[in-house]
Amino acid sequence: MPKLEQSYYRSCKAIDDHLWKQLDTDQGFYFSRSFLEAFEKANTAIAYTYIIFKTNNRVKGFAVIQSMSVNLEAATATLPIPQRLFRSIQCYLSRARREITLCGNVFLSGNFGVHIVDAHFAPEVYRALGHLLPNLKTQKKAKVFFLKDFDLQKQPYVSVLERQKFHPFEVAPNMVLEIRWSDFLAYKKDLKSKYRIKINKADSKSSALELRELNAAEIFQYAPKLQELYTNITDRASFNAVDLDMRTYGYLKERFRESVIVKTYWLKEEMVGFATSFLVQDQLDAHFIGLDYGLNKTYSIYPRILNDYVRLAFEKRVKLLNLGRTASEIKSSIGASPQPLLCYVKHKRTVANSLFKPLVAQIKMTPYKQHRPFKKDKR
């Protein structure tokens, strides 16, 4: 097989048009130039690198690399790690901030770091990435490197990374709901009584809320409020690498229009919540939400958001609703099932990386109850 060559770019705009044409992503979404440019433009705390893999002047693959400063200590705070092991690694993780580089999009759940043009070259692309990441010269000098998020049933070839001393670990799954009913009413009828009651109760308690969908100009107008509601969520997270600038949705809406959906919830004239999603072919991908926790219990804002995601899936006639990560138990109560994901991590220093292996082995997902809300479920 011919040897892969690499070309590096610090911005989407620097990539020649003829290369984008070979990548054939502009008719898509997550790897399109417009999508990536929106994140670049709004989220300037991140340093971006794009790698194009080619041979004989033909593009074989494309990688999205992000470098940023994060608090890795927070990521390990709740792990069940023996105290002596923690002492062994704290010299590497105890600083308030650490520079990391990841292959993927920190704001998305799924494998949005590598686009394969020629499937025959997929193992070679990942093998090359495994070598390139720790040696990549970026604006932020990282010592920890990640590749995220892989479904090994669909991408078994990424296991080549383990030969290059990358350590695999499981992360919270995507929670997905297959839309197999004709409408929302039929979906509710298929639920067991107690789950149907919960949905109806959430709709009843939230009946005072007004739902408004924002256009691009309105997203920019209300960006500070959207940011405030979004930060309410991230401040409660056990670990959050970096906050998304809400103007990102405005730039995306300008370009993709109907594929970018930003719905807001209002109590009288006060925005108290929002929910975003991306419509990609026959799939609806829930993205970030925000809410006023002080009003959440009284008005069931979050349960209402989940109900409305299901409604929107029917409205858009999709086959699959991806509700993303976090809050797995409540998402399972409306019928979502887990889709496992795997990440890889490596430390630049050999000694530190050897200590990472037992650390990563300790990473376990927080257990949750997987509800089986449909009548046909046996358990």
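Analyst: The buried residues of helix 10 are Thr248, Tyr249, Gly250, Tyr251, Leu252, Lys253 and Phe256, where buried means under 20% relative accessible area, exposed over 50% and partly exposed in between, with a 1.4 Å probe and protein chains only. The helix runs over residues 247-256 and is mostly covered, with seven of its ten residues buried; helices (H or I, at least four residues) and strands (E, at least two) are DSSP runs, numbered from the N terminus. This is a predicted model, in which local features need pLDDT of at least 70 and side-chain atom pairs count only at pLDDT 80 or more, while totals for chains, interfaces and linings use all residues. Residues are numbered from 1 along each chain as its sequence is written, and side-chain values use heavy atoms, with hydrogens and water left out.

The buried residues of helix 10 pack against helix 2 (33-42), strand 8 (210-213), helix 8 (216-221), strand 9 (260-267), strand 10 and strand 11, with contact meaning heavy atoms within 4.5 Å. After the helix comes Arg257, whose phi is positive, near 50°.

Leaving aside residues up to four places away in sequence, Phe278 touches Tyr249 and Leu252, and its other partners include Phe29, Tyr30, Phe35, Leu108, Val260 and His287. Phe278 also belongs, with Phe35, Tyr50 and Phe62, to the residues with the most contacts inside the largest nonpolar core, which has 58 residues; such a core is a set of buried Ala, Val, Leu, Ile, Met, Phe, Trp, Tyr and Cys residues joined through side-chain atoms within 4.5 Å. A second, separate core has 35 residues and includes Leu177, Ile199, Leu284 and Ala336.

Asp282 counts as partly exposed because its relative accessibility is 36%. Not counting residues up to four places away in sequence, Asp282 touches Val318, Lys319 and Leu320.

Gln6 stands opposite Phe53 of strand 2, whereas Tyr50 stands opposite Val64 in strand 3. Two residues lie between the strands in the hairpin of strand 2 and strand 3, where Asn56 takes a positive phi near 55°.

For the setting as a whole, the protein chain has 14 helices and 13 strands. Its radius of gyration is 21 Å, close to the 21 Å that the globule rule gives for 379 residues, so the chain is as compact as a globular protein of that length; the radius is taken over C-alpha atoms, and the rule is 2.2 Å times the number of residues to the power 0.38. Of these 379 residues, 53% count as buried.

Methods. Pairing = 2+ DSSP bridges.
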